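Welcome! Take a look at the sequence and the structure below, and then let us walk through them together.

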Amino acid sequence: MAKILLVISIVISLLTAGLGFMTKAKVDALQSSLTASKNQLGSAQAAEKKAKTDLEKSMEDLTTANKTVETQKGEIGRISGELQTTKTDLDKINQAISAKDKEIAALNEKISGPMTPSSDQPPISPEQVAELQNNLNKKEAELAELKAVQESLNSRVQESESRLQTAQSEVKRYQSGIARQSLSGRVMAVNQGWNFAVLDVGDRQGAAVGAPLLVLRGGTPIARLRITSVEPSTSIADVVPGSLTRGTTVERGDRVVFAGRQQEAAGPRAGSPAAQPAPAPAAPGGETAPAE
């Protein structure tokens, strides 16, 4: 009987030790899983915080660009006014030069006229010739002054036109950036197999190949996209690997905005839908999205 009890005690001890070992292994596994989950959560929260910061900075850039455009437009108006005034003055000088040319031509004709009397023109005395010559010299001096003013006004016109062109180019550059930073649209369809999305914005709205985008859901960034192909009113964008928030997927109807602080790629990556023929994008639910 004692031997049986001893055997039973040994068996119970072994079972207890085995259960304890198994429990410890499970606890260690759970702790490892918990640590990994915390690390993933921390990474996701850091990525979300950075995305929000980037979005805020992009909006600040947009505000600054808008102010710069307004300033440049004011400068364009001022330069245009100066240019118009200068051109008006130049027209007056040109008319005065033309009139002086005619006066000088008339004086030259009188000075070189016949010295003998005729039925329709009396003779010109040496005194009259001298007076005409003095008058001619004055007119030629006035003409030289007018041409100097003309040259100065022409230089001012060229300078104003150059400044105007520079200001207009600056406005176009900023407006292009504003259109891109103001880029906002929706996801029309998603192809999970090829990991890309079709968007309802194109180059008419400021979309450009390589432009980085944020996918927002409820105002919270959940993924990043990079445009790989652009049409007038639609575009295709790859989902940036590793940018998708854990447990989510890009869905039809999600909002997309320009992520202006991200470095823009020079072009589509090899293997992307823009670099090789892609199948028709699948809409949510497995349906194929209609082609544009």
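Leu225 makes contact (heavy atoms within 4.5 Å) with Leu199, Ala211, Pro212, Leu213, Val215, Ala237, Asp238, Val239, Val240 and Val256, leaving aside residues up to four places away in sequence.

This is a predicted model, where local features need pLDDT of at least 70, side-chain atom pairs count only at pLDDT 80 or more, and totals for chains, interfaces and linings use all residues. Residues are numbered from 1 along each chain as its sequence is written, and side-chain values use heavy atoms, with hydrogens and water left out.

## Two nonpolar cores

A nonpolar core is a set of buried Ala, Val, Leu, Ile, Met, Phe, Trp, Tyr and Cys residues joined through side-chain atoms within 4.5 Å. Buried means under 20% relative accessible area, exposed over 50%, and partly exposed in between (1.4 Å probe, protein chains only).

The largest nonpolar core has 19 residues, and Leu199 and Leu225 touch the most other members. Strand 4 gives the most to this core, with 4 residues. A second, separate core has 17 residues, among them Leu83, Ile111, Leu132 and Leu153.

## Salt bridges

A salt bridge is a side-chain nitrogen of Lys or Arg within 4 Å of a carboxyl oxygen of Asp or Glu; by this rule there are 9. In one of them, Glu142 pairs with Lys100, with the closest N and O atoms 2.3 Å apart. Helices (H or I, at least four residues) and strands (E, at least two) are DSSP runs, numbered from the N terminus. Glu142 sits in helix 2 (residues 126-181) and Lys100 in helix 1 (residues 2-111), so the pair ties together parts 42 residues apart in sequence.
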